[in-house]
Amino acid sequence: MSRPPDGGSSRTVSRRRVLQATGAAGLTGIAGCTGYVGSSRDGVEYWTLFGGGDGAVMETMVDEINASDEYDFRINRQRVPWDEHYGRLYTSMVGGNPPDVAVMHSRMMRDYEDSIVPVTDEIGTDPYLEEVAQGGVVDGEQLAVPMDTHPFGLYYNKEIFEEAGLDPEEPPNTAERFYECANAIVENTDYYAFDYFEGEFHAETMRMLLHSRGGQLITEDYEPAFDTDDGHDVVQEMHDWVYEHEWAPVDPTAGWDAWNRGEVGMKLEGTWHISVVREAGFEFGLTEPFIMPESTSPVTVGDSHMLIIPESQDRDRERLEDAIETVRLLTQEFNDRWGSDAGHLPASRTALESDALRESDTWDKTLETFYGMVQNDQFIRPPATPNVEQYIEEIYQPLDDMRAGNVEPPEVIETAERGVRQTFNRG
C-alpha cells in the first residue's frame, strides 16, 4: 500500500451530515451502484482497500479462513481501489446496501459514526494496544476494531551509507545524525540524500514535525494551530530539504523512482513500505524519523486500519454474528500474520507477543523499531474530525506547491490556515 493516493478529498460536505440529512430510504436508488442487495448474498461481504504486498497477504488470510473446516461461514473479499474505497463505501451505506465488514482508517470515524454497529460488548478494546484501540472508540462505544497501526519511519540505504563513508549500523535517528548523513551523501556520492511524501502524507509529515516541537496541526475545536514560530520553522525546514540543502528532488515521482533504483540515501515511509524496499533489492535499515531540529519530544505519526460493521436493515442476526467473527479473526487470530507478512504493526497484544512475529525477519527489520516508538509514547494518531479529507487537502496542496517551487513557506502557512478555517466554518 505504498504511496496511496488521496481518495475523494475534494468533497465539501461531510458524509456524516449527508447520511443524517438523507437517510437510507431517501437514496435507495443508489443501491444499484453497489452491485448487490444485502439479503441475497452468500457469506460475509468484506470490502478492503489493500493492494500490492499487503493486499496479497489479506487475500491469503481470507482464503485460509474460507478453506478451514473450523468456520461455518465464508468471507467474500472484494478489493476496492484505494482512491475509490471511501466513495463506494459511502454510497453503499447511504443506499442501504453496505458490506458486512469494511476497512476504515481511524481518522475517518467522525464522518461515519452514526451508521456503524457498535461492538463494545462483542469484542471490546482489551485484546488490543490501548492507544491504538481508542482510535475506534467514539463517546465510549467501540465502533471500529483495530488491525494495526502504520506509523512513519526513516528507511535508509545501507549501501549508499557505505559509499558516503558513513557507518550503516549507526542509524540517522536524530536531527544531528540525519543532517550529518544527508550532507555526507550529497558531498560524497551522486545520489539524492532524502525523499519524502506528497499529498495527504505531506500534511502528516508536517504534523509529525510540529508535534516534535511540542505543537499541533489542529486543535480539539478544529482551529488551525500552525501559524506559530514552530509552525513556520517546520515549513521552512521542509522547504530547505529541496531548495537550501538540495537533499531531495523537486519532483516527488523522480524521488520515488530514484529510491527504487537504489539512488536515494534515506526515505520517509510507513510500515507498509517493507514489501516495496525488499523488492528493490538493496540492503536497508529502518530507524525513528526524529529529523526535526530542536525537537523537544520527537514522535512518529500513524493512522490505523480498522474494521467496521456498517448498519444494514437487511442483515439478519446470523450474518451479524458471522461479521463479528470475521472481525475477531482478522484482528486477533491472524493478526501476527498481518505483521510478519504485510509489515504493519499488529494491534493485538497477543499477536505482538507471539513467537511467530518476534522471530520473523520483519520484526527484526522494522516492527521492533515501530513498536518501541509506540511503547515509549513517541507515537501520535491523526485525530478523527469531521471533514477530515477536506482539511488535510487544504494543508497538503500548498505544501505540494511549495515543493514544486510555486510558493514560499509564509504563503503555505497563510493559505493552509485560511483553507482549514473555511473547512470548519471558522471565517
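**Aromatic pairs and buried elements in a predicted model**

Tyr156 and Phe161 are both buried (under 20% relative accessible area, with exposed over 50% and partly exposed in between; 1.4 Å probe, protein chains only). The model is predicted: local features need pLDDT of at least 70, side-chain atom pairs count only at pLDDT 80 or more, and totals for chains, interfaces and linings use all residues. Residues are numbered from 1 along each chain as its sequence is written, and side-chain values use heavy atoms, leaving out hydrogens and water.

Rings of Phe, Tyr and Trp (its six-membered ring) pair if their centres lie within 6.5 Å; planes under 30 degrees apart are stacked, over 60 edge-to-face, and the rest tilted. This rule gives 20 aromatic pairs. The ring centres of Tyr156 and Phe161 lie 4.9 Å apart with planes at 40°, so this pair is tilted. Trp363 and Tyr371 also form a tilted pair, at 5.7 Å centre to centre and 55° between the planes. Both Trp363 and Tyr371 are buried. Ring pairs join Phe178, Tyr179, Phe194, Tyr196, Trp241 and Trp247 in a cluster.

A charge sits over a ring if NZ of Lys or CZ of Arg is within 6 Å of the ring centre and within 35 degrees of the ring normal. Arg403 lies over the face of Tyr196, 4.1 Å from the ring centre. The charged end of Lys365 sits over the Phe284 ring, 5.0 Å from its centre.

Helices are DSSP runs (H or I, at least four residues), numbered from the N terminus. Helix α3 spans residues 85–94; 7 of its 10 residues are buried, so the rest of the structure largely encloses this helix. Among the buried residues are His85, Tyr86 and Leu89.

Notes:
Helices (H or I, at least four residues) and strands (E, at least two) are DSSP runs, numbered from the N terminus.
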